[in-house]
Amino acid sequence: MTGKITIKEIFESIQGEGPYVGEKQLFVRTTKCNLNCKYCDTDFLCDENSKTYNFDEFFEVLKSSNAQTVSFTGGEPLLEADFLSEFFKRYKNRLNKKIYLETNGVGVENLKKVIDYVDIISMDIKLKSATGMEFSLITFDDFLNVAKEKEVFAKVVFDENISNSEITEAATLAKKYAILLVLQPKMPMSNKLNLDEVFEKFYSKYKNIRLIPQVHKFLNVR
Ligand code: SF4
């Protein structure tokens, strides 16, 4: 651990996904990911606008925003868990903002390093039908078993290829931890996707679900 972090970008915007949709947040986008989802449209790679910060510099830039919540997103922010755990240890109290973690749910050991400092966790349940990658449900189960200490919800990005077994598995996992399950259709939506049908299939398995699309795409904000 070098005591430095390279960040793709830091910007204020409106949360566009999940139950905190519409809230002003300060977004910190990290520069790496451990997955390669086929629907990924996030530009998280380093470019000339990326910056490297030490602990003090990072604190100053986060503190200068009047947003009450800092959303760590990516890429996969937990790949920076070593830096972040030390940063939070030194500065979380002085920062006086909620820490919101947007994570792909693959990396429970890194979650353990920062869990004490995180307030809200948005964890993906990655489906093979949408991502093109296959994960054992145990990956996300292990993650939730640590994340459950904090406010946590799960998000499923899906398209017209979602299978009945994927619906059952995701609903069963959310039910096990009694957490909100956010259903987020992949954008742009195919006209082959029957949203009512998918929703009702989830609802027949688990009632604490919400269908929430990415609203920043409608609002034309970042
Ligand atoms: S986890 Fe997120 S950032 Fe990483 S490849 Fe998948 S969609 Fe892109």
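Start by selecting Glu86 and Lys89: both sit in helix α2 (residues 81-95), 3 residues apart, which is about one turn of the helix. Helices here are DSSP runs of H or I with at least four residues, strands are runs of E with at least two, and both are numbered from the N terminus. The two side chains meet in a salt bridge, 3.7 Å from N to O; the term stands for a side-chain nitrogen of Lys or Arg within 4 Å of a carboxyl oxygen of Asp or Glu. Lys89 counts as exposed at 56% relative accessibility. For that scale, buried is under 20% relative accessible area, exposed is over 50%, and partly exposed lies in between, with a 1.4 Å probe and protein chains only.

A word on what you have open: this is a predicted model, in which local features need pLDDT of at least 70 and side-chain atom pairs count only at pLDDT 80 or more, while totals for chains, interfaces and linings use all residues. Residues are numbered from 1 along each chain as its sequence is written, and side-chain values use heavy atoms, with hydrogens and water left out.

Next, stay with charge pairs. Side chains of opposite charge can pair when their charged atoms come close. The count comes to 17 salt bridges. Select Asp141 and Lys176, whose closest N and O atoms are 2.9 Å apart in a salt bridge. Asp141 belongs to helix α5 (residues 137-147) and Lys176 to helix α6 (residues 164-177), so this pair ties together parts that are 35 residues apart in sequence. Is Asp141 buried or exposed? Asp141 is buried, at 19% relative accessible area, whereas Lys176 is exposed at 54%.

Now select Glu9 and Arg29, another salt bridge, with 3.0 Å from N to O. Glu9 is in strand β1 (residues 4-14) and Arg29 in strand β2 (residues 24-30), so the pair ties together parts 20 residues apart in sequence. Arg29 is buried, with a relative accessible area of 14%.

Keep Lys126 selected and bring up the ligand. Its surroundings are Cys33, Leu35, Asn36, Cys37, Tyr39, Cys40, Phe44, Gly75, Asn104 and Lys126, where near means a heavy atom within 4 Å. This shell divides into 6 nonpolar, 3 polar and 1 charged residues. In that tally, Ala, Val, Leu, Ile, Met, Phe, Trp, Tyr, Cys and Pro are nonpolar, Asp, Glu, Lys and Arg are charged, and the others, Gly among them, are polar.

A cis peptide bond joins Gly74 and Gly75, with omega about 10°, and Gly75 lies in the loop between β4 (69-73) and α2.

Two backbone spots come next. Asn96 has a positive phi near 55° although it is not glycine; it is in the loop between α2 and β5 (98-103) and is exposed at 62%. Ala178 also has a positive phi near 55°, lies in the loop between α6 and β8, and is exposed at 58%.

Finally, zoom out. The protein chain has 8 helices and 9 strands, and buried residues make up 52% of its 222 residues. The C-alpha atoms fill a box of roughly 50 × 35 × 30 Å along the principal axes.
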